[in-house]
Amino acid sequence: MYRLSVFLCFFFASLVIALFTLIVSDDTFTPGSDNAAILVQDLTSLRAWVVVIGLVVFSWNAATKKPNALLVTVLTALAWVMFLEDYMVLDSVLFIANHPLAQAVIITRPVFLVALTYVAFKQWEVDLS
Amino acid sequence: MSEHKLHDELRPSDEEINALLAEPYTFSFQSIRASLNKRSKLFKYTWITLMAITALYLMGWFTGLIKPFMAAGASGLEADYQLHQIRFLLAFIMLAVGAVALNYDYYMRETLIASAWVQFYFLVTGIARYARTVPDDSYQLLAAYAGNLVFILFLLLILIVEEHKLQQRP
């Protein structure tokens, strides 16, 4: 279950990185609402960097057998904060819903949040063992 | 004789019996105070300052004093206003979680570290957003906004360092 959850987190992170790479490289992407036109540029690139840095540090710690629990806890808190910001305020403007990759990110996001939360709890046991 | 002595040694003391019979450790300001008293003065006063800032923020918010200094005041966007509201709500939740962790003296350092990183995220994204929306001649507003967030982050860092010192103590 732990390994599956970690796999789901990596899968989601890959989707996010791929989506934002496409957004940055392709000018034809248009935001879904007026607010998005301004906000999308401010938050997406920063969030993509959070995902990249989190992924790299987690992988490095796992490879060097260093404790990862605190890192995953911080990333989980950030993931929930970003989700709440999107869901309650930004109305999902950060995603371009028409693109299949964006749809995939939106659909897998709740699964990712549950998986990441599970990993955050489980990682404290994994670090101790 | 030796069995009787062993029995006496195994018998719990009056203090231990009283502790077992006492009411379970519930959430109360008494236990937060007890937890604060265990920590350094710096930790205690930093925590109180954080609480005071929260109270001042609420006073400023409801009287409308801080509205001109918000990102929404510069951009005029409803989304910025809502983002500010949700971020305060999240900060308030972090404070509540911190109070619970302090009350039970449970994973306090980890809770503070997670809160500090969320605050750092608010700081970076908030400044980036403000810098784009604020008029060119209003950089003192941006400095005041950044100063507030940096000050709260600084308080959190003090709490983390003090908690770390407490845990390192033998």
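The exercises below concern chain B of a predicted model.

Residues are numbered from 1 along each chain as written, and chains are lettered from A in the order in which they are written. Local features need pLDDT of at least 70, side-chain atom pairs count only at pLDDT 80 or more, and totals for chains, interfaces and linings use all residues.

**Exercise 1.** State how many helices and strands chain B has.

*Solution.* Take helices (H or I, at least four residues) and strands (E, at least two) as DSSP runs, numbered from the N terminus. Chain B then has eight helices and zero strands.

**Exercise 2.** Determine how helix 4 and helix 8 of chain B are oriented to each other.

*Solution.* Helix 4 (residues 41-63) of chain B and helix 8 (residues 139-168) of chain B pack at about 150°, their axes 9 Å apart. Step 2: angles over 145 degrees count as roughly antiparallel, and the two helices of chain B are therefore roughly antiparallel.

**Exercise 3.** Check the span of helix 4 of chain B against expectation.

*Solution.* Step 1: the expected span is 1.5 Å times one less than the number of residues. Step 2: the 23 residues of helix 4 of chain B should span 33 Å, and its end C-alpha atoms are 33 Å apart, which agrees.

**Exercise 4.** Which residues of helix 4 of chain B are buried?

*Solution.* Step 1: a residue is buried if 20 or more other C-beta atoms, placed from the backbone, lie within 10 Å of its own. Step 2: the buried residues of helix 4 of chain B are Phe43(B), Thr46(B) and Trp47(B). Across the 170 residues of chain B, 21% count as buried.

Definitions and conventions: Buried ≥ 20, exposed ≤ 12 C-beta atoms within 10 Å, placed from the backbone. Axes fitted to C-alpha atoms, helices over the stretch in contact; angles between N-to-C directions. Parallel < 35°, antiparallel > 145°, perpendicular 65-115°, else oblique.
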